[in-house]
Amino acid sequence: WDYYHTDENFYRQYLRMHSQLSDKVIFAGGGWVWNGVSPNLKGAKDTTEPAMRAVKEAGIREAVCTMWQDDGAETPMGAGLPSIVRFAEHGFAKEVTEGMLKEQFEFLTGTSWEAYEILGEFDRPQGSAFYDNPSKYLLYQDALIGLFDGQIKDWDVRSYYEGLRDRLLKALEEGVQKNCTQENSMKKDCMQILQHGGGYAEEVLSLYVRLADALSVKAPLGRKLYEAYEKKDRQALTELAENEIPLAMEKIRAYRDCREALWNRESRIFGFEVLDIRIGGLFARLESAKKRVEAWLKGEIDCLPEMEEPRLPFRPVKDGEEHTLQHLEDDCFRFPDLNRALYYFHKKSRGVVFGQTKSAAGFYSASGRGYVIMGTIRLHRKELEHMKEWEKRDSLSGLRALKKSGYKDFTMWIRRRWYE
């Protein structure tokens with residue numbers, strides 16, 4: 001299985017390795033509905049395309065698309081429909097184009113392919129990287145503590161999510177063929193849309209209309225509070241406490257109700273209590289924010305300590321770097337010795353490395369032949385000291401090629417057998 005690599009050669013290599021172990025190889029890719037409250041459709045596309053090309057080239061007869069519901073199943077299964085159609089189409093065609101996917105998707109769902117593609121943009125505001133999920137952390141983060149406010153200080157999140165909302169509303173209106181205004185559309189809940197000519201796919205789209213609408217108010221709320229308090233702008237704080245916070249709660253409640261309706265359509269009730277608890281906690285903290293700001297405005301408390309603290313980036317960056325959360329050194333590894341290398345591959349991998357490394361190592365250990373480490377390492381200049389240590393013990397094949405390249409960044413294969 002692998003859901004993370006975008007290099008076709010990686011899949012070829014690992015399929016070849018697994019074929020040496022058995023002639024009954026099954027590949028499992030990922031639909032990327034586990035990243036937060038919205039699907040990572042770009043991640044699914046960027047990994048599925050090279051994976052399925054390699055699978056077909058290797059003659060693998062069975063492949064599955066996984067749709068894990070990690071961390072509370074916040075993203076509905078229906079949001080992954082584009083990934084499922086993409087994956088399935090590879091089973092019927094040697095080459096798959098976006099036009100083919102659009103045709104099949106719209107035939108199967110009766111809904112616009114372009115509309116569903118918008119769901120993959122919820123985690124793509126400026127500066128977001130592959131694994132980032134701003135639609136989740138901006139929804140849940142505390143308005144007073146502002147853990148991620150420093151991360152998004154230059155992002156116009158209100159306009160971004162308003163734009164997604166308006167695009168989805170337009171697509172939804174066209175989908176249900178209703179001559180209604182955006183205002184009237186916003187007043188319809190999920191079940192009303194369903195009853196008035198929509199269907200399951202339209203209900204999924206309507207959920208994300210609600211989410212975008214909620215994020216357009218909630219996402220910038222923390223920074224607005226902080227900036228108004230920093231300037232001691234009592235008028236702005238009054239507006240935020242009396243109008244913006246209640247408005248955010250109203251829109252989040254509409255999202256929550258829509259999510260419950262879709263949950264009941266897709267699943268048994270067990271598990272929804274997790275979302276209820278999370279969103280309930282969000283309501284409680286917004287109420288507390290409103291109460292504390294009003295208390296300060298009335299002079300009942302001298303200050304708001306939460307607002308006295310500077311808003312720092314969740315992941316500090318250098319000047320000129322983008323404020324992404326995905327660490328820029330995710331695929332750099334420092335191993336002073338082989339024991340630590342094994343430990344990292346086995347215990348510390350976050351999916352950027354190889355999911356199969358542990359099983360391959362275990363196979364060789366069971367046969368009494370020792371361990372094999374196979375992987376790709378992106379080499380940077382600061383890694384070279386460790387590389388030189390390995391070179392002394394002749395334990396890193398390909399280091400000469402690295403020298404010839406002038407120690408430039410590139411991806412190389414590492415093979416090492418360690419005898420116990």
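These legends accompany several close-up views of a predicted model.

**View 1. The whole chain, before we zoom in.** The protein has 420 residues, and 49% of them count as buried. Its secondary structure comes to 18 helices and four strands. Take the contacts between residues at least 6 apart in sequence: 72% of these join residues at least 24 apart.

View 2. Five residues, W1, Y3, Y4, W32 and W34, form one aromatic cluster. In the structure as a whole there are 17 aromatic pairs. One of the pairs is formed by Y3 and W34, whose rings are tilted, with 55 degrees between the planes and 5.1 Å from centre to centre. Y3 sits in the segment before α1 (8–21), while W34 belongs to the loop between β1 (26–30) and α2, so this pair links parts of the chain 31 residues apart. Y3 is buried, at a relative accessible area of 7%, and W34 counts as buried too, at 12% relative accessibility.

View 3. Which geometry do the rings of Y4 and W32 adopt: stacked, tilted or edge-to-face? Their planes stand at 90 degrees and their centres are 5.7 Å apart, so the pair is edge-to-face. For the reasoning, planes over 60 degrees apart count as edge-to-face. Y4 lies in the segment before α1 and W32 in the loop between β1 and α2, so the pair ties together parts that are 28 residues apart in sequence. W32 is buried, with a relative accessible area of 1%.

**View 4. Helices α2 and α3, side by side.** Two packed helices are described by the angle between their axes and the distance between the axes. For α2 (residues 41–57) and α3, the angle is about 10 degrees and the axes are 10 Å apart. This makes α2 roughly parallel to α3, because angles under 35 degrees count as roughly parallel. On the α2 side, the contact is made by L41, A44, K45, T48, E49 and M52, and on the α3 side by P82, S83, R86 and F87. By class, these residues comprise five nonpolar, two polar and three charged.

View 5. D71 is not a glycine, yet its phi is positive, at about 55 degrees. A73, also not a glycine, has a positive phi of about 55 degrees. Are these residues buried or exposed, or partly exposed? D71 counts as partly exposed, at 46% relative accessibility, whereas A73 is buried, with a relative accessible area of 11%.

View 6. The axes of α11 (residues 221–230) and α12 (residues 234–266) come within 10 Å and cross at roughly 170 degrees. The two helices are therefore roughly antiparallel, since the angle is over 145 degrees. α11 passes α12 in a left-handed crossing. From α11, the residues in contact are L221, K224, L225, A228 and Y229; from α12, they are A236, L237, L240, E244, I245 and A248. Nine of the residues in this contact are nonpolar, two are charged and none is polar.

**View 7. Helix α12 again, now with α10.** Helix α10 (residues 200–218) packs with α12 at an angle of about 160 degrees, and the axes are 8 Å apart. α10 is thus roughly antiparallel to α12. The crossing of α10 and α12 is left-handed. Their contact has 14 nonpolar, one polar and nine charged residues.

**View 8. G150 and R315, brought together from separate parts of the sequence.** G150 has its place in the loop between α6 (134–140) and α7 (157–176). It is buried, with a relative accessible area of 2%. How many residues apart in sequence are G150 and R315? They are 165 residues apart in sequence, and 9.0 Å apart in space, C-alpha to C-alpha.

Methods
Residues are numbered from 1 along each chain as its sequence is written. This is a predicted model: local features need pLDDT of at least 70, side-chain atom pairs count only at pLDDT 80 or more; totals for chains, interfaces and linings use all residues. Side-chain values use heavy atoms; hydrogens and water are left out. Buried means under 20% relative accessible area, exposed over 50%, partly exposed in between (1.4 Å probe, protein chains only). Axes are lines fitted to C-alpha atoms, for helices over the stretch in contact, and angles run from 0 to 180 degrees between N-to-C directions. Angles under 35 degrees count as roughly parallel, over 145 as roughly antiparallel, 65 to 115 as roughly perpendicular and the rest as oblique. A crossing is left-handed if the near helix is turned anticlockwise from the far one by less than a right angle, and right-handed if clockwise. Contact means heavy atoms within 4.5 Å. Ala, Val, Leu, Ile, Met, Phe, Trp, Tyr, Cys and Pro count as nonpolar, Asp, Glu, Lys and Arg as charged, and the others, Gly among them, as polar. Rings of Phe, Tyr and Trp (its six-membered ring) pair if their centres lie within 6.5 Å; planes under 30 degrees apart count as stacked, over 60 as edge-to-face and the rest as tilted.
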